[in-house]
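Hi there,

Here is the structure I promised to pass on to you. Have a look at it first, and my notes follow below.

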Protein chains: 4
Amino acid sequence: MKVIIVKDYDELSKVSAQMLIGEMFQRHERVNLAITAGTTPIGMYEKLIPEVKGKQYFDNVHYYNFDEIPYKSGTREGVTISDLREMYFTPTAIPEERIHILDETNYKEQDKRITEAGGLDVILLGIGADGHYCGNLPGTTNFDDFTTKVRCDEVMKERIAPHFEDRAETPDFYVTMGPRSVMSARHLILFASGEKKAKVMKAFVEGAITAEIPASILKMHPHLTVIIDEAAAKLLDKEK
Amino acid sequence: MKVIIVKDYDELSKVSAQMLIGEMFQRHERVNLAITAGTTPIGMYEKLIPEVKGKQYFDNVHYYNFDEIPYKSGTREGVTISDLREMYFTPTAIPEERIHILDETNYKEQDKRITEAGGLDVILLGIGADGHYCGNLPGTTNFDDFTTKVRCDEVMKERIAPHFEDRAETPDFYVTMGPRSVMSARHLILFASGEKKAKVMKAFVEGAITAEIPASILKMHPHLTVIIDEAAAKLLDKEK
Amino acid sequence: MKVIIVKDYDELSKVSAQMLIGEMFQRHERVNLAITAGTTPIGMYEKLIPEVKGKQYFDNVHYYNFDEIPYKSGTREGVTISDLREMYFTPTAIPEERIHILDETNYKEQDKRITEAGGLDVILLGIGADGHYCGNLPGTTNFDDFTTKVRCDEVMKERIAPHFEDRAETPDFYVTMGPRSVMSARHLILFASGEKKAKVMKAFVEGAITAEIPASILKMHPHLTVIIDEAAAKLLDKEK
Amino acid sequence: MKVIIVKDYDELSKVSAQMLIGEMFQRHERVNLAITAGTTPIGMYEKLIPEVKGKQYFDNVHYYNFDEIPYKSGTREGVTISDLREMYFTPTAIPEERIHILDETNYKEQDKRITEAGGLDVILLGIGADGHYCGNLPGTTNFDDFTTKVRCDEVMKERIAPHFEDRAETPDFYVTMGPRSVMSARHLILFASGEKKAKVMKAFVEGAITAEIPASILKMHPHLTVIIDEAAAKLLDKEK
C-alpha cells in the first residue's frame, strides 16, 4: 500500500486523473479500467475530459462499471452507468463498444468476461464513511464473494432511495463486483476527500482487516494506491 | 485463484518444481523466491536439485525464508533455515550472498529489504491441517500484520518442541512474515498433499475468509496458484 | 541477451522445455506461444509431450506457427503446421481452437490477430547455418517487414524442395512472420545445437547486426534468451 | 510501434509529460527513467516541474542521462547533465542520490549498473534531423554497440562546438548509451516537433532500418511510442 497525501480536492482530482492517464498509456494493447461514479470523482472527470475527448491514441482503453443500482421498472439504465455516462462517457464520446456495462442481466458473467478480456488493469474506487466500496456495504457481501446480487432490505432501500426521483423506482436488489472480483485487478486506486472521510481513513490505514469496514480487505492487495487529501488524512498517525 | 489438481505427491513435486524453474527463468534480472521448509517440499527439492546445481544461468536467483524458529540458546541457526540448507541450499551449493536469511535479529527489516530488492516474485508455501501458513497460526497474527515476532505460550511451545532434539532449546518466540508481507508478493503458490490435508483444502477452496483458517486470506491475492494432489482434493465439490 | 550454454542436445531439449513450461505457467490468463518446427526442437517436444498431454491446467495456452511453406496444389496443410502437428499438437491432443494457424490465406491478418489476442508471450525459434530464422532468409525480408509473403526464385525452390516428396508440390512462395512481427513478442528464445551451428552462433553472438545474418537483428530485443550446447558454442570467445 | 500525432508543440509537451508521470506512478518500487536534454523537451519539463517538485510520492523515481559531452578541461560537469540540471533537476530539487550521472569516467559501467538497478523503465529521447538519437550519429556507433566512447573527428568537433562558449572546451570524444543499451529499456518514447523534423520522421516511420538513420533501429523495439506534432507528421502517408 502506498498512501499519497495531497493538499486538497483539486490536487486529489489532478493526481487521480494523472494516474488513470498513466494506466491508459501503459500498454499499446487493450487496457481495461473500472471506474467509479459518485461525488469524489467529479473533479477528476472534469480534468480527464479534455485529455481524453477525441484522442485517438486512447482507442485501446475499455471501461467497466463495478456496480449497478437498477431502476425497478427496468425502463432505463441503472444509476451507476447513467452517472458515468453523464460525468464522463458522454462528454468524451467514448463509443459503446468500449463501455462494458455491468447490470442485473449480466452480473453472473462479469468475472468471466473480465478474465477473458485480459483482466482489469486498474479499479479506481471511492470509500464510504461506513467503509463500503463498490456495493460492498457492511453486512452485504463476504470477503470471498465474486460479482453478486445483493438483496435490499428496508434499511438499504431507505439508503439508496435518494438516487431515485421517483422512490417507487427503488429496486429490491443491486449488483456489485465482490471483494474477490475487485482484488483480482492488477492495480487498485482508492481515493477519499474531505473531513467526513477522516475517521474511516484512519480505520482503513491504521486499523484491522474487518468485515465491519469492508474496504479494509483492500489493504491486502499487493498493488494498492491510496490518494487522500489533508482533510481526509487529518486523523492519521503522523509518525507512521 | 487457479486450482491445479494433480494425481499424487510425485506429480505435485514435479509441477511445483516446474513452476519454480519457470519463475527462475522469467527474467534475466534478479529473481526473488521465498521457499518453504517442512515435509511437503521434500519431493520437489529432490527434483529441483539436479536442475539447479551448478547451473550458472540461475545466478540471478535469490532466496528468502519466510519464517524462523530460533534455538533458544542462539548457538546455531534456526529450524527453518537449517532445514532449507539441508534440503536445498547445501546440495545445490547456492552461495551465501544469494541466501537472504530471516531470523530473530533482522525480522524488523524483512519487509523493507525485500521491497528494496525489488519485491518477491513468488512465495511457495504449504498449509497446515489447522489452516496455518508460514508462522501464521490461528490466534497468532492478524491479517494486517507484516513480518513480526510471535510469542509462544505453553501450547505453542508444546507444538514446536518436536523440532528440537533438546527440548530445552524450544524458544519463547518465533518470527514470521505476516499476512500482508506474504500478500505483497507478485505470485503465491500454495501446495498440499495427502488425505490429511483434504479437510483444510475444502475449507480453503470453498469456505470463507476467516481468521480461524489463516491461509484463507491468501484467496484474496490476484495471482494465487494452488497445487493439490487427488488425496488432498478428495473433499472438494466436483461440480465447481 | 542472456546466453545459456548447456552440455549437449539433451540438456538443450530439457532447458528449452523447462522454459516453455515456465511461460505456460506464468499467467492464469491466456498465454500465446509461437513455436518452431524443424529438427532442433525434436528432443524438446519429446520431453514436453508427457508434461502437457491431458493437463487441464494448460488449457490457457494458445499456439501459433510463425511461418508456412504451402503445398502448391493446396490439397493439404503446409509443411510447418504438418510438422508441428506430428511432433507436438497431435501427441498432446491440443484442441483446434488453441492452434492458430498461419498460412497463405490469412498471413495479412497475422500481426493484427496476434495483437488482438494480447500479443505473443514468447517465440521459440531456431537459427539456420545461414543465419535465417522463421522464413527470414538472407535476401528475402527486410528488417522492417511484418508478416509477409516471400516469392521463391529457382534457388529458393531448390532449397525448399526437399520438404516435398512430390517436387511438383514445391510452391512459388511461402509466408513468414517478418523481423518486426518477431521483435514484437515479449520474450524471444533462440536455440541451436551442434557443431554445424558453431560458426553462425559466433557470428550471431559476437558479430554485427547485418542483413546477411538475418537473425542478428534479434540481439536488439530487450528480452532475448539464447540456448546453445557446447558444440554450437565452441567458437565463442571464452573471455566474454 | 504506436504513433501518436498531436496538434502542436504544446500538446506534444503535455502528452510526453503525462506519459512520464504515468511511468513514475506505474510501480511503488523504484522506477528508472532516462531522459533527454536538448530543445524538444523544454516545454515538457516546464509542465513536469510543478507536478514533480516537492512531491514525496515520486521519491521512488530515479533518473539517468543517456549521453554526455564533457568539457575538455574537465573542470565542470558535461553539457547534457548541466542542461538536465538547469531544465529539470534543479527546479524540482531532485536529490543527488536519485540522479545517476553517466560521464566519461564511468561509461564502461553504465549498462551493468542499470541492469543491477533493475533496468530502465523508459527512455525518452529526441531525434535529430539526421536521424541521430542520444549520441548515436550516422557513422559513429554500430547497432550492436552498448554504452561507448565516441571519438570526435574535426567534423564532429565543429558540430558540437556550439555547445561550448569557449570553443577550446570542445572535447575529443563524448560518451553515449549505444543502440543495444537503449533497446534494453522496457519502453522507448521518441518525440519530435516541427517541420524541420518532417523529413526524418517520414524516413523513420515509413522507411527502412538503416545505419544512415540510426534511430530507425528503434522501430524494432517491442514497446516504442512515437509522439509527433502535425508539423513533424506532415509528410507521413495519410493512408497508413
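Which side chain of chain A does Glu11(D) meet in a salt bridge? The partner is Lys55(A), with an N to O distance of 2.8 Å. Please keep in mind that this is a predicted model.

That pair belongs to the interface of chain A and chain D, where four salt bridges are found. The two chains also share 10 residue pairs in polar contact, counting pairs with both residues at pLDDT 80 or more. On the side of chain A that touches chain D, β1 (2-6), α1 (9-25) and β10 (224-229) each supply at least two residues. The largest share comes from α1(A), with eight residues. Sorted by class, this side of chain A has eight nonpolar, eight polar and six charged residues.

As for extent, 22 residues of chain A contact 23 residues of chain D. Together the two chains bury about 1900 Å², and carbon and sulfur atoms give 54% of that area. Within chain A, the residues that lose the most area to chain D are Phe25(A), His28(A) and Tyr57(A), which together make up 35% of what that side buries.

Next, chain C and chain A. Their contact takes four residues from each of the two chains. The area buried between them is about 240 Å², with 63% from carbon and sulfur atoms. On the side of chain C that touches chain A there are two polar and two charged residues, and no nonpolar ones. Across this interface there are zero salt bridges, and zero residue pairs in polar contact when both residues must be at pLDDT 80 or more.

I also looked at the cysteines. Over all chains, the search finds zero disulfides. Cys134(B), for one, is in no disulfide, and the nearest cysteine sulfur, in Cys152(B), is 15 Å away. Cys134(B) counts as buried because its relative accessibility is 7%. In chain C, the sulfur of Cys134(C) has its closest cysteine sulfur in Cys152(C), at 15 Å, so the two are too far apart for a bond. Cys134(C) has a relative accessibility of 8% and therefore counts as buried.

Is Asn136(A) buried or exposed? Asn136(A) counts as buried, because its relative accessibility is 0%. Leaving aside residues up to four places away in sequence, Asn136(A) touches Thr141(A), Thr176(A), Met177(A), Gly178(A), Pro179(A) and Pro214(A).

Happy to talk any of this over.

Best wishes

Technical notes: Residues numbered from 1 in each chain as written. Chains lettered and ligands numbered in written order. Predicted model: local features only at pLDDT ≥ 70, side-chain atom pairs only at ≥ 80, totals over all residues. Heavy atoms only, no water. Buried < 20%, exposed > 50% of the residue type's maximum accessible area, 1.4 Å probe, protein only. Contact = heavy atoms within 4.5 Å. Disulfide = S-S within 2.5 Å. Buried area = accessible area lost by both parts, 1.4 Å probe. Polar contact = N/O pair within 3.5 Å; in protein donor to acceptor, adjacent residues only side chain to side chain. Nonpolar A, V, L, I, M, F, W, Y, C, P; charged D, E, K, R; others polar. Helix = DSSP H or I, 4+ residues; strand = E, 2+ residues; numbered from the N terminus.
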